[in-house]
Amino acid sequence: MPTDFLASTTVPPEFMEDMALARKYACQGPRYTSYPTAPQFRQDFPMQSYRKWQGTDGDHKREPLSLYLHVPFCNDICYYCACNKIVTREKGVAQRYLQRLQTEILMQSELVGDQRPITQMHWGGGTPTYLDHAQITELMHLLASHFKLLDKGYREYSIEIDPRTVDLSTIALLKGVGFNRISLGIQDFDPLVQKAVNRIQSYADVAHLVDSVRSHDFRSLSFDLIYGLPHQDRLTMEETLRKVIALRPDRIACYNYAHLPERFLSQRAIDRLTLPEPDEKLLLHELISRTLQDAGYELIGMDHYVLPDDELAIAQSEGRLQRNFQGYSLRMADDLLGLGVSAISQIGDYYLQNERELDNYYAMIDAGELPVTRGCMVTDEDKLRRHVIMSLISDLKLDLGDVNRQFGIDFSRKFARELDAIQPMVGDGFLTISNEQITIHKRGRPFLRNICMPFDAYLGAHQGDEPAPKFSATV
Ligand code: SF4
């Protein structure tokens, strides 16, 4: 079906069916970047048993490790933002943060091990490029002094860039200190949309940065887009997509804006009346999906589009895709160590989250304490359900024989209730269930979160020590 119709004001009948399904399954649910999901983390998790396990020798002291590093500061507020960030232009904040990071890096490398090859690293935020060139260099030097960074072989070292905070010399510096992947926060190119969310960045500036990223031979360039923002409609989105496709990033992550002003104060600056209506939002999603696929991109998981020769496309076909706190990525290490305020680690049988308030994070570091304040130990039941959920959301299939062998269960008996719950989705063409496998079909891709939710034992049985979470809309 050509995508042209989507730019018109009338919607053809064949698409009405998809919209009816989206309405039928509209609900709120987790994004499944972990299982158990972060709201289930508790303050009284078994930190002592984690330390004891880290104190023993074993493969976990030598196996590859991913690093995530959180830089919480931003120069300006983007009204839609739901990240853990601090908007400030106060001089010296970054340097004070780096001092604490240095201590945390030292403590963590002693605990987790400094000989594990760092196959993946990601700097996120906030705005990692809030740091100036000297601070970026100093931080990378710190990491290289306490972890085994790699400079050859396959590795993914990526950084999120706010195009408003960098110039061409920053791109050269990032390449020089070892990054090989760049992720640019684009969100939308339309001037009215940009004004309404307080994030103004011109197409020309972004195009210059893209040229520079290409000329420095980065392995890949990603764009982040958001749909559901104020004043977006099919015409503005068509134009944004035309510009995006012209710049040909290797990967495009496309996120659904969740308007939760009661939870995220800055979203109160967005006039609800300027947001696209739910049906229009569904059309935007459809427009993005069809336009990018028509332009040669492949859909990965539920919200990433990649060029066919990108490692993520190959990984999905080979079952090596994983979902973690950064979305979808290659599975190159089982453990992820998060550094910095609010960062989350997934290590062995544990999830651990650092203190989320900056002052408290500083106080803990200054007192010589590891700044971990919440977490959970993953039970055998969690591991089974995590395997089911992550296979469905990443591999788009679940090998039932493999689950039975790996976990010593009879899947159809163990998950009889869950299988009943997803039966209507079989009827709607989202998936098929055979004796051997659950297979997600193209039609089910936008509903992956809905498909996973029946397998989540914590939904409706919240166990975290904070109020039950409000999740974003699944579709
Ligand atoms: S979207 Fe990025 S740059 Fe904007 S406020 Fe949030 S973290 Fe900061």
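1. Strands β16 (residues 344-347) and β17 pair in the antiparallel sense over four bridges; pairing here needs at least two DSSP bridges between two strands. Strands (E, at least two residues) and helices (H or I, at least four) are DSSP runs, numbered from the N terminus. Ile 347 has Tyr 350 of β17 as its bridge partner. The two strands form a hairpin with two residues between them, and Gly 348 in the turn has a positive phi of about 55°.

2. A word on the model: it is predicted, so to speak of local features takes pLDDT of at least 70 and side-chain atom pairs count only at pLDDT 80 or more, while totals for chains, interfaces and linings use all residues. Residues are numbered from 1 along each chain as its sequence is written, and side-chain values use heavy atoms, with hydrogens and water left out.

3. β17 also runs antiparallel to β18 (residues 372-377), joined to that strand by five bridges. Here Gln 353 stands opposite Arg 374 in β18.

4. How well covered is β17 (residues 350-354)? Five of its five residues are buried, meaning under 20% relative accessible area with a 1.4 Å probe, protein chains only. Tyr 350, Leu 352 and Asn 354 lie on one side, with Tyr 351 and Gln 353 on the other.

5. Lastly, Thr 37 sits in the loop between β1 (28-29) and α2 (47-55). Thr 37 is buried, at 7% relative accessible area.

How values were computed
Buried means under 20% relative accessible area, exposed over 50%, partly exposed in between (1.4 Å probe, protein chains only).
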